[in-house]
Amino acid sequence: MKRLVAMLAVVTMALTATAHAEDKPAKVTVGYLNLVNAQLVTKHLGLLAKEMPGVDIKYVKVGGGGDMLRAIAGNDVDFGGLGNPPTAIGATRALPIKGILVINMLDYVEAMVVRTDKNITSLKDLKGKTVAAPFGSTTHYLLLQALKDEGVDPASMKILDLAPSDIAAAWLRGDIDAAWFWEPNLDKAVKNGGKILITSGEMAKRGYPTWDIGVVMNAFADKYPSYVEKFVKAECEGIDFWLKNPEKTAEIIAEELSLPLEDATRMMKGTGMVPCNKQLIEEYLGTSAKKGKFVDTLVSTADFLVKQERLPKLLPRADFEAFIQPSYIEKVVGH
Amino acid sequence: MSVEASPMAIPISADRTRRGHLRRRLPKISRSFLLSSLTVALLLATWTLVTDMGWANELFLPKPQAVWAAFIKTMTRGYQGATLLQHLGASLYRILTAFTLACLVGIPLGVLMGVSRNARALLNPLIEFYRPLPPLGLYTLLVMWLGIGESSKLSLLFLAGLPGIVISTIQAVTSVDPVYVRAAQSLGATRRHLLFHVYLPAAGPLILAGMRISLGFTYTVLVAAEIVAASAGIGWMIWDAAKFLLSDVVIMGLIVLGLTGVLLDLIMRGIAKLLMPWA
C-alpha cells in the first residue's frame with residue numbers, strides 16, 4: 001500500500017515536474033542515520049536549507065542500515081546514508097541509488113563491548129555467550145569477519161539481531177554478554193559494566209574498513225542534478241565546520257543527541273571525517289576516471305555476504321564501480 | 001404440539017429433503033471448490049504474467065519460480081542455520097503455547113465473568129482497557145520487563161489471544177437459555193453440575209468460535225513478536241530476509257504463514273466437530 005502511494009507520488013511528481021519548466025524539487029527528504037557525524041552539523045546549522053532556498057527540507061532519522069534500505073526500496077527518501085554492508089546489498093539488488101559522498105569512516109565510534117564480570121579477553125571467550133548486533137549493519141559484518149579470522153565458529157555462541165537502542169536496553173537488563181554496535185548507545189553499555197574488546201578502527205587496520213556513504217536516488221539525481229551538487233556542497237560545509245570548530249561541533253552533537261559534552265567530544269574523536277577534496281584520492285571514492293578503494297571494500301563486503309548466503313551472487317566489479325559516483329563532489333571542489 | 005407432530009412427519013419429509021439435499025449438495029461442494037480454485041489459479045496466472053512481462057520490479061515482486069526455488073532451498077538447506085520446518089516449528093511452538101495458555105486462563109475467566117455479575121464488574125475495566133491496545137506498543141514494555149528471551153514473545157502472543165477468548169466466552173455463557181439452567185436446578189443440579197452439564201455444553205460452540213478468532217489474532221502478531229532478538233521462526237525469517245532485500249524468501253514465508261494459518265483453523269474446526277457434534 002505504502003509502496004503504491006509512493007509510486008503514485010512519484011508519478012505525480014514526475015508529471016508536475018514536466019509541467020514546470022524549472023528544475024526545482026518541491027520537497028527534499030534526507031534520511032540520516034542515528035550516528036555521530038557531520039550530517040548532524042549540516043542539519044543543525046540548516047546548511048542544506050541555505051543551499052536550497054524555497055525547498056521544503058525534511059530530515060528523517062533512521063535507526064540502521066536495514067531500515068535505510070527499506071526506506072530506499074520504498075522510495076521514502078531522496079538522500080540517504082548507508083554503511084558498506086547495506087551498500088553492497090543495495091548495489092547487488094540493483095536499488096536505484098548511487099554513492100556520492102563519504103559521510104564518515106568508522107573508528108572507535110563503533111566497537112564491541114563485553115561484560116567486564118564475564119572475563120572475556122578474546123573472541124574465543126565468546127563461546128557459549130550471548131552476543132548482539134544489528135543484522136545487516138557494519139558491525140554485524142565485522143563481528144562475523146572477526147570471528148572468521150580468529151577461527152571461532154559463530155554457531156558456538158548465540159548471536160542475536162537487535163536494534164542499537166534495544167541492545168542498550170537488553171544490556172542494562174543483563175540479557176546479553178557482548179555486543180558490537182555504535183554510539184551514542186554504545187556508551188550506555190560501557191558505563192554499565194562493560195569494556196571495549198575490539199573497535200571497528202582496529203578492524204580497519206586489519207584490512208576491513210567500514211564507512212558510511214551518502215547516497216542519492218537515481219530518479220532524483222536524473223531530474224535535479226544541480227540539487228545533488230547542492231546537497232554535497234552543504235554536507236561538505238558541515239564536514240569543514242566539524243574539522244575547523246571541534247568545540248562548537250561537540251556542543252551541536254551534544255544537543256542533537258542529548259548527551260553530556262564530554263561524551264560527545266569523545267564520540268567525535270572516534271569518527272573519521274574526510275574533507276571533500278580528500279575524498280577524491282585513491283583511499284576513498286577516487287575520481288570518475290579512476291575509482292578508489294571504496295570499490296574494493298564493496299566487492300569484498302559483497303563477497304562476504306554471498307558466502308553468508310545473504311546475497312544471491314557476486315556482481316562483477318564494474319557494477320560496484322558504477323555505483324560510486326564522485327562526479328558531484330568533483331564539481332563541488334572544482335576538479 | 002409441534003414436538004408431538006414431528007415424529008410422524010419425519011419419515012416423509014426427511015426422505016425427501018435428504019434426496020433433494022444429495023442432488024443439490026454434491027454439485028454445490030464441487031462448484032464452490034471449483035470457484036475457489038479459479039481464484040487461486042487466476043492469482044497465480046496474474047502473478048506469472050506480471051513478472052514474465054517485466055511489469056513489476058523483480059526486487060519487489062519476484063517470479064513464482066523464484067519463490068518456489070526459495071521454498072525448496074529453505075526446506076533442504078535452510079535459511080541462516082535452520083530449515084523451514086525448524087523455523088515453522090519454532091513459530092508454532094510459540095503460537096500454540098501462548099494460545100493454550102490464553103485458553104486455560106481465558107475460558108475460566110470468561111465463564112466466571114459470564115456467571116457472576118460481580119466478577120464481571122471487577123474485571124471488566126482491565127479487559128476493556130487493554131483489549132484495544134496495539135500489540136507493538138505493549139511489546140516495548142514487555143521487552144523491558146521480561147527481557148529479550150522467549151518469555152516476552154510468549155507474553156505478547158498470550159496477551160494478543162486472551163481478550164478474544166474472554167469476551168466470546170462471556171457472551172457464550174450469558175446467552176445460555178435460562179430455561180436450561182432452571183430446569184437443571186429444579187432437578188437438583190449442583191453448581192458443579194450446572195457448569196459442566198449445562199453452561200459448558202450450551203456455550204461450547206460459541207466459545208470455540210471465539211477460540212478460532214483468537215487464534216487468528218495470536219497469529220497476526222507473530223512477526224512482531226519475532227522481530228526482537230529471535231534467531232528462528234517464520235516471522236523472524238521474513239523480517240531478516242527483508243533486511244537483505246530477499247523478497248523471494250519474504251513472499252515464500254508469507255505464503256507458508258498463510259497456509260499454516262488455514263491449516264490451524266481447519267484443525268480447530270475439526271476439533272469442534274469432534275467435541276461438539278450437536279453444534
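This report walks through a predicted model with chains A and B.

Residues are numbered from 1 along each chain as its sequence is written, while chains are lettered from A and ligands numbered from 1 in the order in which they are written. Because the model is predicted, local features need pLDDT of at least 70 and side-chain atom pairs count only at pLDDT 80 or more, whereas totals for chains, interfaces and linings use all residues.

## Confidence

The model scores ipTM 0.76 and pTM 0.79. pLDDT is the predictor's confidence in each residue, from 0 to 100. For chain B its mean is 85, and 89% of the residues of chain B reach 70 or more. Within chain B, confidence is lowest in helix α1 (residues 2-52), at a mean of 67. It is highest in helix α3 (residues 84-115) of chain B, at 94. Over residues 1-17 of chain B, pLDDT stays under 50, and the model has zero contacts there beyond four places in sequence. Where pLDDT is low, the predicted coordinates should not be read in detail.

## Chain B

Helices (H or I, at least four residues) and strands (E, at least two) are DSSP runs, numbered from the N terminus. Chain B has eleven helices and zero strands. A residue is buried if 20 or more other C-beta atoms lie within 10 Å of its own, exposed if 12 or fewer, and partly exposed in between, with C-beta atoms placed from the backbone. Of the 279 residues of chain B, 31% are buried. Two residues are in contact if their C-beta atoms, placed from the backbone, lie within 7 Å. Among contacts in chain B with a separation of 6 or more, 71% link residues 24 or more positions apart.

G188(B) follows α7(B) and has a positive phi, near 90°.

Helices α2 (residues 64-76) and α11 (residues 247-275) of chain B cross at roughly 80°, and their axes come within 8 Å. α2(B) is therefore roughly perpendicular to α11(B), a label for angles of 65 to 115 degrees. Axes are lines fitted to C-alpha atoms, for helices over the stretch in contact, and angles run from 0 to 180 degrees between N-to-C directions. On the α2(B) side, the meeting residues are A66(B), V67(B), A70(B), F71(B) and T74(B). On the α11(B) side, they are D248(B), V249(B), I251(B) and M252(B). By class, this contact has seven nonpolar, one polar and one charged residues. Ala, Val, Leu, Ile, Met, Phe, Trp, Tyr, Cys and Pro count as nonpolar, Asp, Glu, Lys and Arg as charged, and the others, Gly among them, as polar.

## Where the chains meet

Here, 16 residues of chain B are in contact with 21 residues of chain A. α5 (135-146) and α10 (234-243) of chain B each supply at least two residues of the side of chain B that touches chain A. The largest share, three residues, comes from α10(B). That side of chain B divides into ten nonpolar, four polar and two charged residues.

## Chain A

| Element of chain A | Buried residues |
|---|---|
| Strand β1 (residues 27-33) | five of seven residues |
| Helix α4 (residues 65-73) | seven of nine residues |

The buried residues of α4(A) include G65(A), D67(A) and I72(A). Their cover includes β1, β2, β3 (79-83), α5 (84-92) and β4 (97-106) of chain A together with α10 of chain B. Just after α4(A), N75(A) takes a positive phi of about 60°.

Two strands pair if DSSP finds at least two bridges between them. β1(A) runs parallel to strand β2 (residues 56-62) of chain A, joined by seven bridges. K27(A) stands opposite D56(A) in β2(A).

Five strands of chain A form an open, mixed sheet in the order β7-β6-β8-β5-β9. Its edge strands are β7 (158-161) and β9 (194-199) of chain A, each pairing on one side only. The twist averages 25° from one strand to the next. Strand β5 (residues 110-115) of chain A runs antiparallel to β9(A), with five bridges. R115(A) has G194(A) as its bridge partner in β9(A). Helix α7 (residues 164-173) of chain A lies across β6 (130-133) and β8 (178-182) of chain A, running at about 145° to β8(A).

P316(A) lies in the loop between α14 (293-307) and α15 (317-323) of chain A. P316(A) is exposed, with 9 other C-beta atoms within 10 Å. P316(A) and T92(A) are 224 residues apart in sequence but 9.6 Å apart in space, C-alpha to C-alpha.

How values were computed. Parallel < 35°, antiparallel > 145°, perpendicular 65-115°, else oblique.
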